[in-house]
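Q: I would like to go through this model with you piece by piece. Could we take the loops, the helices and the domains in turn?

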Amino acid sequence: MRRHIIAIQRDAGFSPNSVDRDQAILQAVAEGLEGDVSVVPELELAACSTAHVYLSMARSPQALALLEQREREGALVINSTRGVRACSRKTIDGLMRRCGIPMPPPYTAGSCWLKRGEGYVQSRDDVVFCRDEAELAAARRRFRARGIGETVVSTHVAGDVIKFYGVAGGFFRYFYPADDGLSKFGNERHNGRAHHYPFAAADLQHDVQRLARLAQVEVYGGDAIVGADGRYYLIDFNDWPSFSPCFQEAARAIVHLINSKMHHDRFQATLTQLF
């Protein structure tokens with residue numbers, strides 16, 4: 001049976017300053033798969049859209065609700081709706097803290113970051129650097145004025161900013177945005193140039209992959225800070241990033257992941273039940 005695959009493009013509202021890059025990784029994966037592949041914007045995904053496999057960058061409530069129904073029917077959805085919802089800032093922050101993932105210490109005073117708590121980042125105003133408590137209070141007022149009640153406060157940590165990317169099955173890469181200039185909002189400037197402090201990269205990979213398993217996310221990325229003492233702190237974790245510095249290599253890893261799942265006996269047994 002020839003497999004029908006739908007690749008779901010992330011809506012521009014959930015892809016600030018990254019529309020082209022998000023489309024590039026999804027297209028690269030779609031082109032590497034065998035089967036009938038359709039690329040559909042998430043807001044155009046309809047109840048009549050049926051497939052054996054969904055490659056989903058979707059984040060809208062309506063798309064996630066439809067995909068959750070497809071999961072119950074036996075379709076393969078990557079990333080899973082449970083995993084995407086787990087990447088909401090307040091949810092992932094709580095998961096990291098409960099499970100002992102290295103992260104900045106709880107905020108008490110000084111410089112920090114105020115972040116949108118519910119849903120996902122949609123603009124540069126959803127992640128704000130605050131130099132002190134007065135700026136934090138002002139930022140909270142601005143968030144409330146925008147109708148954002150749920151927020152997360154993260155202590156600012158000095159050190160090298162690292163962007164990491166991973167795919168279930170072993171793929172893991174990290175880069176220094178200060179070296180290549182790739183940035184979504186330019187927030188890395190608050191940490192200055194990269195010093196390339198030595199750190200245990202294998203331990204970082206282990207902690208990131210553990211978090212991905214806990215969140216049930218198979219295609220993921222995020223940010224970490226490495227201090228001068230070699231300690232690292234995860235400060236962000238997201239479902240299906242753009243993989244900008246390594247998107248061709250990541251696309252091959254995602255294709256391998258999907259192919260391995262499609263050839264699994266359990267998935268093969270559901271194929272005839274889907275249509």
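**Loops, helices and domains**

Q: Where is the place of Gln122?
A: The model is a predicted one. In it, Gln122 is found in the loop between β5 and β6 (127–130).

Q: What is the relative accessible area of Gln122?
A: The value is 34%, so Gln122 is partly exposed.

Q: And which residues is Gln122 in contact with, leaving aside its neighbours within four places in sequence?
A: Gln122 is in contact with Gly13, Phe14, Pro16 and Arg116. A related pair is Gln122 and Ala12, which are 110 residues apart in sequence but have their C-alpha atoms 8.7 Å apart in space.

Q: Let us move to Asn17. Where does Asn17 lie?
A: Asn17 is in the loop between β1 (4–9) and α1 (19–32). Its relative accessibility is 49%, which is why Asn17 counts as partly exposed.

Q: What phi does Asn17 have?
A: Phi of Asn17 is positive, about 60°, although the residue is not a glycine. As background, most residues other than glycine have a negative phi.

Q: Phe243 next: what is its phi?
A: Phe243 is also a residue other than glycine, and its phi is positive, near 55°. Phe243 is placed in the loop between β11 and α8 (247–262).

Q: Is Phe243 buried or exposed?
A: Phe243 counts as buried because its relative accessibility is 0%. The ring of Phe243 also belongs to an aromatic cluster, together with Tyr165, Phe171 and Phe175.

Q: How many aromatic pairs does a search of the whole structure find?
A: Nine aromatic pairs are found. In one of them, the rings of Phe164 and Phe172 have centres 6.2 Å apart and planes at 20°, so this pair is stacked. Phe164 and Phe172 are both buried.

Q: Where does the charged end of Arg146 sit?
A: The charged end of Arg146 is placed over the ring of Phe143, at 5.6 Å from the ring centre.

Q: Now the helices. Which residues of helix α4 are buried?
A: Helix α4 covers residues 89–98, and its buried residues are Arg89, Ile92, Asp93, Leu95 and Met96. These residues cover an arc of only 165° around the axis, so they are on the same side of α4.

Q: What do the buried residues of α4 pack against?
A: They pack against the helices α3 (81–86) and α7 (201–215), and against the strands β5 (112–116), β7 (151–155) and β11 (232–239).

Q: Take Asp93 in α4. What relative accessibility does Asp93 have?
A: Asp93 has 15% relative accessibility and therefore counts as buried. Not counting residues up to four places away in sequence, Asp93 touches Met103 and Val152.

Q: Over to α8, then. Which residues is Val255 in contact with, leaving aside its neighbours within four places in sequence?
A: Val255 is in contact with Val29, Gly32 and Leu33. Val255 itself is placed in helix α8, and its relative accessible area of 11% is why Val255 is buried. Between Val255 and Ala30 there are 8.1 Å in space, C-alpha to C-alpha, although the two are 225 residues apart in sequence.

Q: Which residues does the cis peptide bond join?
A: The cis peptide bond joins Ile78 and Asn79, with omega at about 0°. Asn79 is in the loop between β4 (76–78) and α3. For reference, most peptide bonds are trans.

Q: Finally, the domains. How is the protein chain divided?
A: The chain is divided into domain 1 (4–79 + 246–273), domain 2 (86–104 + 158–239) and domain 3 (105–156).

Q: How many residues of domain 2 and domain 3 are in contact?
A: Contact involves 15 residues of domain 2 and 19 residues of domain 3. The centres of domain 2 and domain 3, taken over C-alpha atoms, are 19 Å apart.

Q: And what area do domain 2 and domain 3 bury between them?
A: Domain 2 and domain 3 bury about 1400 Å² between them, and 56% of that area is on carbon and sulfur atoms.

Methods:
Residues numbered from 1 in each chain as written. Predicted model: local features only at pLDDT ≥ 70, side-chain atom pairs only at ≥ 80, totals over all residues. Heavy atoms only, no water. Buried < 20%, exposed > 50% of the residue type's maximum accessible area, 1.4 Å probe, protein only. Helix = DSSP H or I, 4+ residues; strand = E, 2+ residues; numbered from the N terminus. Arc of directions from axis to C-beta. Contact = heavy atoms within 4.5 Å. Phe/Tyr/Trp six-rings, centres within 6.5 Å; stacked < 30°, edge-to-face > 60°. Lys NZ or Arg CZ within 6 Å of the ring centre and 35° of its normal. Domains from an automatic or database assignment. Buried area = accessible area lost by both parts, 1.4 Å probe.
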